[in-house]
Amino acid sequence: MKTNIAVFFGGRSTEHEISVISANQAMAAMDSDKYNVIPVYITKDGRWYTGSALTDVKNYRNTAELLKQCTQVYMRPVYGDYNLYKAERKMFGSDVLATLDAAIPVLHGSNGEDGIFEGVLETIGIPFAGCATLASANGMDKITMKMILAADGIPVVDYVWFTDKQWFAHRDDLIAKVESKLGYPVIVKPANLGSSVGIGRADNREDLLTKVDDARRYSARIIVEDLVENLQEINCSVLGDCDEYRTSVLEEPIKSGEILSYTDKYMGGTKDNRGMHASKKRIPADLPQAETDRIRFLAGETFRVLSCHGVSRVDMMIDAKTRDIYVNEINTIPGSLSFYLWEAAGLKFNELMDELVRLAFKRKRDQSTKTVSYDSNIFALGGGVKGAKGAKA
């Protein structure tokens, strides 16, 4: 029998379209002799749909027409219930559309890659590929991520962070802190977005005001980082779990401007063949062996320290003048699942998907050995009563 694998994608995210591209690439790569692939598309307003029409990117040119060919579905937040249910139940017959064996989230950005969706899957208890809730949340938030990495000795650039409300209440103090700790130029980012959305360079105070105002449109938490002016960007993918993983070959993205933009990342290739794999890049990156080894080590350490799982991509920065190396960020569900980096390392896309399914089931087996509750009832034994409000001694 084939294994029923649901691939979740889309979502309430600024990276919605990129998720659709990545998921369609992943689904096309999965071995149809092994898997019954069930696409689950999450619309921009959070509704779930499934149907074979979702596996053709061209159909997304008219979303309203596409959804007419699909069935709206949902899952119940009940542990052990792996069923995909029809939203509109018939008077007779079952409302179960499919029973899933595992899930592969290919959701980019907020409300999908940040632990929110992973928490749903963990509540249900279904095996799934990729980072769990904690690693997803820490990996998505650039502030928390840098705190954790720095505490473990992994190099990151200096930064200042604050919330949008702090910016309104203490703007002058925060500007002074940025100028004294970092100086200009700096780079301003929303804390929990990817794909270069809301990111901008500030060379002076006026720029800083403008860029922070832009970043706060997307996130309540904002980070201002020391800008590496002589920047060379290098990416490395990591596959496995935090106890056993391997690193890919390195890539050097080619940017059209000073900052690698959304267009640089995703708008290369043909109209129907876009995504991270179609962006301009050098693979493998042309670096001395010592630097290659150092970057692969730091990428693996980042994956390990954040307790990651599945496939991730770690984006690194090299100061071309000093040759200092810094971890910029981790993408816990990378664009195109970084398949092109693994193909360059000798692992075919279908083999990568096989590995993600294997890792999903392995984690579930490992979790089954842990104690999550005691088989006892303290209330039946008279416990837990003293100290309760209104209880008599």
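Biologist: Which residue of strand 11 stands opposite valine 186?

Modeller: Bear in mind this is a predicted model, where local features need pLDDT of at least 70, side-chain atom pairs count only at pLDDT 80 or more, and totals for chains, interfaces and linings use all residues. Numbering runs from 1 along each chain as its sequence is written, and side-chain values use heavy atoms, leaving out hydrogens and water. Strand 9 and strand 11 (residues 221–226) pair antiparallel over five bridges; strands are DSSP E runs of at least two residues, helices H or I runs of at least four, numbered from the N terminus, and strands pair if DSSP finds at least two bridges between them. In strand 11, the residue opposite valine 186 is aspartate 226.

Biologist: And in strand 10, what is the bridge partner of valine 186?

Modeller: Strand 10 (residues 200–202) is joined to strand 9 by three bridges, and the two run antiparallel. Valine 188 stands opposite glycine 200 there. For valine 186, the partner in strand 10 is alanine 202.

Biologist: Which strands stand at the edges of the open sheet?

Modeller: Four strands make up this open sheet, in the order 8-11-9-10 with antiparallel pairing.

Biologist: How many residues of strand 9 are buried?

Modeller: Buried means under 20% relative accessible area, exposed over 50% and partly exposed in between, with a 1.4 Å probe and protein chains only. Val186, Val188 and Pro190 point one way and Ile187 and Lys189 the other, yet all are buried. Strand 9 (residues 186–190) is therefore largely enclosed by the rest of the structure, its buried count being five of five.

Biologist: At what angle do the axes of helix 4 and helix 5 cross?

Modeller: Axes are lines fitted to C-alpha atoms, for helices over the stretch in contact, and angles run from 0 to 180 degrees between N-to-C directions. The contact (heavy atoms within 4.5 Å) is made by Asn138, Gly139 and Met140 of helix 4 and Lys142, Thr144, Met145 and Ile148 of helix 5. The two helices are therefore roughly perpendicular, on a scale where under 35 degrees is roughly parallel, over 145 roughly antiparallel, 65 to 115 roughly perpendicular and the rest oblique. Their axes come within 5 Å and cross at roughly 100°.

Biologist: Over in strand 5, which residue joins tyrosine 85 by a side-chain polar contact of 3.2 Å, besides asparagine 83?

Modeller: Tyrosine 85 is buried, with a relative accessible area of 5%. Leaving out residues up to four places away in sequence, tyrosine 85 touches Gln72, Val73, Tyr74, Arg76, Asp95, Val96 and Leu97. A polar contact is a pair of N or O atoms within 3.5 Å; within protein, one must be able to donate a hydrogen and the other to accept it, and residues adjacent in sequence count only if both atoms are side-chain atoms. By that rule, the 3.2 Å side-chain partner is arginine 76.
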